[in-house]
Amino acid sequence: MRLLLIFSFLRYTWSQFPTYAENTTDVLDKLLTGYRKEIRPGFGGPPLVVETDILIRSIGQISESNMDYSFQCYFRQRWTDERLQFDIRNITEVTLNNLFLENIWKPNTYFLNGQKSHQHNIPRPNLFVRIRNDGRVYLSRRLTVKAACPMKLNLYPMDRPICSLELGSYGYTTDDIVYLWKYGNNISVEVNKDVRLAQFDLISVTSSNHSDKTVFGTFSVLKVFIYFERHIGFFVLQTYLPCSMITCLSWVSFWINRDAAPARVLLGVTTILATAGIGMTVREGLPRVSYATALDTYLNACVIYEMAAMIEYAAVNYFTKVLPVDGGAESDEDEEEIAPLTTPDQSVRVYLYQDTLNGESVPLSNVQSMSDTLGGTTAHRKSRNRRKEQRSFRHLFLKCLTGNPKFRSKLRERGNAETGNGVSSIDVWCRYLFPGTFLVFNISYWICYLVIL
């Protein structure tokens, strides 16, 4: 008996289906009879309220160079059009396609900061309209929105961009249309839980209502603010760590003998060029702003340290290097080869050295006596060299800055042809000064940009 009742009900419903379809078609045709889609609902009365909400499905690229971003969303709007009220038995709501939408009035909503937004039309236009029997209209579209996103890059790459979206009516003022969020502020814009970005974390999304006053009137505007936080791991691995290691590599020159000029100069130039190359690569994706970013500050500091290492060697080479490492005079002009003298027993080649201070030549007979005297004074000269290496760093640095030629002349007079040039006290001090100040700079830099700013 129960099966018979169910079968009878289904048969009745199926028999009435053509009647429902015919009635719906007839009602919709009558609704559009005399309908003027150019006139807004309630024309001449109070402003029409358009309720809006957005579901963000995915977020695309955020471009620093173009200052824009893109996302895909479901854009939904609701309003009441009393001209679309209908009365069909057992039907309270009708869902229609885009063809019907072309015949009714729609709010001319646009994105104020939009650039290349578009609606998806493959394989068919991705939209639908739903009409209730009381004239309530619900419109949903699938859009890809590309909007401007001005950024302040002072803290790049530790910055937190805030991208906004503004929408409103293209021509209707608040006397005709008022936009409101469907579920109130901060909850009318949803984000899909599966949204993931490679370089950013999505922190939060907020929304608000505004009224913009212009010479043409006051317009109702809805705003969405999307808060991002940039991932810094990529920049630490690709920029900060390599530049720090290259800067530390430039300090190896403090342990290289000051007579090895090609090695120290080549090391300094190489480190500067390597850091500059990394900086040029990083800046390729950034706009040409007139201020320094946090990354620029770090790269410039690394270059300054590397240039300081080269300038330090120039000071050491000019003000503390007295004699070449093999001994003898400082230039080839100070050494003159005299005709070889021979004795009856054997041929002995003798070189006479010209005294650069008084212009006198040393006689051959005094060579032996000079050798004896040299042995007696070696200990005294070594002691003097040790005292010279222990001279105050500030005193030497001051002489380097002032470019005192008398200071260099006195060093030349005290030069020892046998021992040559020892380790410069400036090099010794810089072995501790450069790493220490660079460590202090790094601590201050990261605290400043990650905690304070």
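Student: Are Arg264 and Glu312 buried or exposed?
Tutor: Both Arg264 and Glu312 are buried; the term stands for under 20% relative accessible area, against over 50% for exposed and partly exposed in between (1.4 Å probe, protein chains only). A word on the basis: this is a predicted model, where local features need pLDDT of at least 70 and side-chain atom pairs count only at pLDDT 80 or more, while totals for chains, interfaces and linings use all residues. Residues are numbered from 1 along each chain as its sequence is written, and side-chain values use heavy atoms, with hydrogens and water left out.

Student: What makes Arg264 and Glu312 a salt bridge?
Tutor: Their closest N and O atoms are 3.3 Å apart, and the rule asks for a side-chain nitrogen of Lys or Arg within 4 Å of a carboxyl oxygen of Asp or Glu, so the pair qualifies. Arg264 lies in helix α4 (residues 261-282) and Glu312 in helix α5 (residues 294-319), so this contact ties together parts 48 residues apart in sequence. Helices here are DSSP runs (H or I, at least four residues), strands likewise (E, at least two), numbered from the N terminus.

Student: Which other salt bridge does Arg264 make, and at what N to O distance?
Tutor: Arg264 also meets Asp427, at 3.1 Å. Asp427 belongs to helix α9 (residues 425-452), so here the linked parts are 163 residues apart.

Student: Why is Asp427 called buried?
Tutor: Its relative accessibility is 3%, so Asp427 counts as buried.

Student: How many salt bridges does the rule give?
Tutor: The count is 17. Among the residues involved, Glu51, Arg136 and Lys182 are linked in a network.

Student: And the aromatic pairs: how many are there?
Tutor: There are 24. Rings of Phe, Tyr and Trp (its six-membered ring) pair if their centres lie within 6.5 Å; planes under 30 degrees apart are stacked, over 60 edge-to-face, and the rest tilted.

Student: Why is the pair of Tyr110 and Tyr170 called edge-to-face?
Tutor: The ring centres are 5.1 Å apart and the planes stand at 80 degrees, so Tyr110 and Tyr170 are edge-to-face. Tyr110 sits in strand β4 (residues 109-111) and Tyr170 in the loop between β8 (162-169) and β9 (177-181).

Student: How do you know that Tyr170 is exposed?
Tutor: At 63% relative accessibility, Tyr170 counts as exposed, whereas Tyr110, at 31%, is partly exposed.
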